[in-house]
Amino acid sequence: MTSPLDAIPAPSKYPRTSRYFASDQLEHNGIPHLRPRLLPSPDSFVTIAVYEVRAGDRADVLAFRQFGDAEQWWRIADANPVLDPRELTDTPGRTLRITLPEGVPGTAG
Amino acid sequence: MADIGPIHLTLLMGRQIVAPTPQPVTDALLSAQVTVTAGQRSGFQLAFDLTKNGIIQQALLPAGAFDPQVRVVLMATVAGTPHVLMDGVITRQEVGISGAPGQSTLTVTGEDLTVLMDLVENTGVPFPAMGPAARCAAIIAKYAQYGIVPLVIPELIPQTPMPTERIDFQKGTDLAYLNALAKANGYTFYLDPGPAPGVSKAYWGPEVRLGVPQPAINVNMDHLSTVDQMTFGFDGSAREQPSVRIQIPVTKTDVLLPVPEVSVLRPPLALRPAPALKKTVIDDTAKKDAPTALAESIAKAVETSDAVSGSGQLDVVRHGHVLRPRELVGVRGAGITYDGLYFVKSVTHNLKPGSYTQNFTLAREGLISLLPNVIP
């Protein structure tokens, strides 16, 4: 008797807060890996605040202040398209968009 | 409703395709309550401030923007992570007009999208040579226009009848038939909204007591506690041991069928399962074929297996995560007997300006954790 539990799709190995939560898990020559994540278009985010970088800022500290979770710095990096998260806070005076997550609409009008 | 700390609420409404609501509507939202229970349909209630010259009273309410059958999607973004709490339709609207300023309210009550499956009686639709899972997939596919994606798990005991012997017909509405088929197989049927707004997963299968548990609920752990108080109960009369007899059509003799182990549908969570004190006999099985009767007996055993329950209330800001229903969660600090993994049976989300609390009910089949420790 095969168990119907085997038919349930395997849950993601990453928590819901991770940017790899919905990533496909692939295997190449027996080595498991994730599909490279393409950055979403910055236009698809809804800005809720604008922040001006000061000297000594760090992306994780910024994420903790804005979202309440330091591990969410990658959302700021996604919305202000940078490849290296250190670029975010390198230049004091740079303005950063703080946005809702991808796919969450704002309000109309 | 203003943003409360790291929590952001998004409301989308529309006839069939939802769109973001105007800012004045979002601002007028006084409270939102969403109730999600495993094995039942989910419900929601939204209360809006109804000022005399506001956009709701002047334009939206007469235009039918809050009429029954308007679709509502409610999302909460907690600590940067979006959660779709509800994807449903309004079923009832109540307006309370008061002489005191600021006391007039519009309250809309609704249920999740399964209410759309409960509108039309489709009795008599034939399903020749289709097992329960195939029938469910065919029924759910009719609702693809609402963004409902089916996830149907094949039944444990295959019950595909020969069309020359028997053809199954639908009884009642689509939802009633889906639920009846689920109940007969020890399965549940529910809609799980998300991950994107306007999309939900229609799940027909066993309760998912697998996978990575959610961040643990800590109680009585000083500053590490995330819940002030929890209540546990152990109900001795909950669990039943069903027995089922069928008649062999050729010899007309009756046979007692062996009831299979429950753990094929429900991986155990507790070391010491509750004993089955009650012995019951399932009625009207004599004329059924063996696979159907067997499926019914295991369904009854599964349905009554949860003897231990726990309940409490948590503050999402303090806990740091939204507790999701119909998933596993760990409990720490409740002592050896009641610590361990639980299945989240029901969650009620209460959102008000400045607070987001959840009332929850947990369940499992016995005492003492199976695992040596719970992941925090």
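1. Start with a buried pair. In this predicted model, B:Arg71 and B:Asp87 are both buried. Their side chains meet in a salt bridge, with N and O 2.9 Å apart. The pair links distant parts of the chain: B:Arg71 sits in strand β5 of chain B and B:Asp87 in strand β6, 16 residues apart. The two side chains are also joined by a polar contact of 2.9 Å.

2. Stay with B:Asp87 for a moment. Strand β6 of chain B holds this residue. Is B:Asp87 buried or exposed? Its relative accessible area is 3%, so B:Asp87 is buried; the cut-off for that word is under 20%. Leaving aside residues up to four places away in sequence, B:Asp87 touches several others, including B:Val72, B:Val73, B:Asp112 and B:Leu113. Also among them are B:Pro193, B:Gly198, B:Val199 and B:Ser200.

3. Now the salt bridges as a group. How many are there over all chains? The count comes to 26. One of the bridges in chain B joins B:Arg166 to B:Asp168, with the closest N and O atoms 2.8 Å apart. B:Arg166 has a relative accessible area of 31%, so it is partly exposed. B:Asp168 has 14%, so it is buried.

4. B:Asp306 pairs with B:Arg266, and the closest N and O atoms are 3.4 Å apart. This pair links distant parts of the chain, 40 residues apart. B:Asp306 is in the loop between α5 (290-303) and β19 (308-315) of chain B. B:Arg266 is in the loop between β16 and β17 (270-273) of chain B. B:Asp306 counts as buried because its relative accessibility is 17%. B:Arg266 is buried because its relative accessible area is 10%. B:Glu207, B:Arg209, B:Arg266, B:Asp306 and B:Lys345 are joined into one network by salt bridges that share partners.

5. Next, the interface. How many residues of chain B are in contact with chain A? There are 34, and they meet 27 residues of chain A. The area buried between the two chains is about 2,300 Å². Carbon and sulfur atoms give 71% of that area. On the chain B side, the elements that give two or more residues are β1 (7-14), α1 (23-28), β5 (71-78) and β6 (81-96). Strands β5 and β6 also hold B:Arg71 and B:Asp87. Across the interface of chain B and chain A, the rule finds zero salt bridges. Two residue pairs are in polar contact between the chains, both at pLDDT 80 or more.

6. Look at a surface patch. Which residues make the nonpolar patch of about 250 Å²? They are B:Ile248, B:Val250 and B:Val255. B:Val250 lies in the loop between β15 (240-247) and β16 (254-257) of chain B. Its relative accessibility is 75%, so B:Val250 counts as exposed.

7. Strand β15 of chain B contains B:Glu240. Buried or exposed? B:Glu240 counts as buried because its relative accessibility is 14%. With residues up to four places away in sequence left out, B:Glu240 touches B:Ala276, B:Lys278, B:Thr280, B:Lys300 and B:Thr304.

8. Finish with two loop residues. B:Pro158 is in the loop between β9 (148-152) and β10 (168-169) of chain B. At 60% relative accessibility, B:Pro158 counts as exposed. From B:Pro158 to B:Gly43 is 115 residues in sequence and 33 Å in space, C-alpha to C-alpha. B:Gly102 is in the loop between β6 and β7 (105-112) of chain B. At 53% relative accessibility, B:Gly102 counts as exposed; the word needs over 50%. B:Gly102 and B:Val259 lie 157 residues apart in sequence and 61 Å apart in space, C-alpha to C-alpha.

Notes. Residues are numbered from 1 along each chain as its sequence is written. Chains are lettered from A and ligands numbered from 1 in the order in which they are written. This is a predicted model: local features need pLDDT of at least 70, side-chain atom pairs count only at pLDDT 80 or more; totals for chains, interfaces and linings use all residues. Side-chain values use heavy atoms; hydrogens and water are left out. Patches are made of residues with over 30% relative accessible area and no salt bridge: like charges are joined within 9 Å, nonpolar side chains (Val, Leu, Ile, Met, Phe, Trp, Tyr) within 5 Å. Accessible areas come from the Shrake-Rupley method with a 1.4 Å probe; for residues, only the protein chains shown count as cover. A salt bridge is a side-chain nitrogen of Lys or Arg within 4 Å of a carboxyl oxygen of Asp or Glu. Helices (H or I, at least four residues) and strands (E, at least two) are DSSP runs, numbered from the N terminus. Buried means under 20% relative accessible area, exposed over 50%, partly exposed in between (1.4 Å probe, protein chains only). Contact means heavy atoms within 4.5 Å. Buried area is the accessible area (1.4 Å probe) that two parts lose on being put together, summed over both. A polar contact is a pair of N or O atoms within 3.5 Å; within protein, one must be able to donate a hydrogen and the other to accept it, and residues adjacent in sequence count only if both atoms are side-chain atoms.
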